Amino acid sequence: MNKVQVKTPQQQALMRESGHLLSEVFQMLDNFVAPGVTTMEIDRQVEDFITNTLAARPASKGQYDYPYSLNTSINEVVCHGMPSASRKLKSGDIVNLDITLEKNGYIADSSKMYLVGDVSPAARNLVNTTYDAMWCGIHSVRPGATLGDIGHAIQQHAEQYGYSVVREYCGHGIGREMHEAPQVLHFGRPGTGEVLKEGMTFTIEPMINQGTHKTKTKKDGWTVVTRDGKLSAQWEHTVLVTAEGFEVLTLRADESVAPGTQNRG
């Protein structure tokens, strides 16, 4: 889809509902993710909750022939980690759970980092800096701003702490389709790229690495890992451009719109 889809007020309301339901999935997971739980158990819990409790659909399942309801990306996995019946979470892991939900024809997309058990200060710092970088990007959203403004804000924040921004994967427009125009890069120059308009909806989902920004894909064709084996972190929200600035459609109950004050994991 090459043209940006500006959403009507009615479409925005439907996306707001999908986003709110998705926030409830993470609220449920806050009491489920723990050492000893397998990533496949998380997948099954998410699918059951979305389908049976929320009467919605896990939009990732079947998308591009992907067989699961979410991505589970642990430690050096940058994105697209696949659930496994043999991979138990253990103390010290950091894991990104990336989930999509469709309700009444509209899709919301969000991800959250979970700190499992006793996590090292270095891992915790990466997770927290990535979270704040996402919010730097979100706070750049307003009519008349550009996509380059978003990418620059994220890149500047991450790099000042010595981290690198993954180049190969980006945010995206979202609505009736999982991936719509535009692409939302997490690096860039201010004042460049698409100009933001009221009614646009897209994801902001920076992937930030401890070491090099370079990645590689495993033989399963899905799992993307850091080239140097160092840790990676990611957070994601679905955002609406409003007349006043922005609305985070997937905002969770433990969050506010001011970075640095939220419970991050």
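The model is predicted: local features need pLDDT of at least 70, side-chain atom pairs count only at pLDDT 80 or more, and totals for chains, interfaces and linings use all residues. Residues are numbered from 1 along each chain as its sequence is written, and side-chain values use heavy atoms, without hydrogens and water. Helices (H or I, at least four residues) and strands (E, at least two) are DSSP runs, numbered from the N terminus.

Helix H2 covers residues 39–53. Its 15 residues should span 21 Å at 1.5 Å a residue, and the end C-alpha atoms are 20 Å apart, which agrees. The expected span is 1.5 Å times one less than the number of residues. Residues are called buried under 20% relative accessible area, exposed over 50% and partly exposed in between, with a 1.4 Å probe and protein chains only. The buried residues of H2 are Thr39, Met40, Ile42, Asp43, Val46, Phe49 and Ile50. An α-helix has 3.6 residues a turn, so residues three or four places apart point the same way. The cover over the buried residues of H2 includes helix H1 (9–29), strand E1 (70–74) and strand E3 (94–103). Just after H2, Ala55 has a positive phi of about 55°.

E1 and E3 also belong to an open sheet. Its three strands follow the order E1-E3-E4, with antiparallel pairing. Strands pair if DSSP finds at least two bridges between them. E1 and strand E4 (106–115) are the edge strands, each pairing on one side only. Neighbouring strands in this sheet are turned by 15° against each other on average, direction ignored. Between E3 and E4 there are 10 bridges, in the antiparallel sense. Ile94 stands opposite Leu115 in E4. H1 lies across E3 and E4 and runs at about 25° to E4. Such angles run from 0 to 180 degrees between N-to-C directions; axes are lines fitted to C-alpha atoms, for helices over the stretch in contact. Contact means heavy atoms within 4.5 Å.

Another open sheet has three strands in the order E5-E9-E12, again antiparallel. Two bridges join E5 to strand E9 (residues 207–209). Val165 stands opposite Ile208 in E9.

The largest pocket holds about 560 Å³ of space. A pocket is an open set of points on a 1 Å grid over the protein atoms alone, with protein on both sides within 12 Å along at least five of seven lines; lining residues have an atom within 4 Å of a point. Grid points are joined across faces, edges and corners, and the volume is the space filled by probe spheres set on them. The lining has 25 residues, of which Tyr64, His80, His172, Met178 and His179 are closest to the centre. E3, strand E6 (171–173) and strand E7 (180–184) each supply at least two lining residues. E7 gives the most, with four.

E7 also contains Pro182. A cis peptide bond joins Ala181 and Pro182, with omega of about 5°. Most residues other than glycine have a negative phi, and most peptide bonds are trans. His80 has a positive phi near 65°. His80 lies in the loop between strand E2 (77–79) and E3, and is partly exposed at 26% relative accessible area. Asp65 also has a positive phi, near 65°. Asp65 lies in the loop between H2 and E1. Asp65 counts as exposed because its relative accessibility is 72%.

Notes. On a 1 Å grid over the protein atoms alone, a cavity is a set of points where a 1.4 Å probe fits but cannot get out, and a pocket is an open set with protein on both sides within 12 Å along at least five of seven lines; lining residues have an atom within 4 Å of a point.
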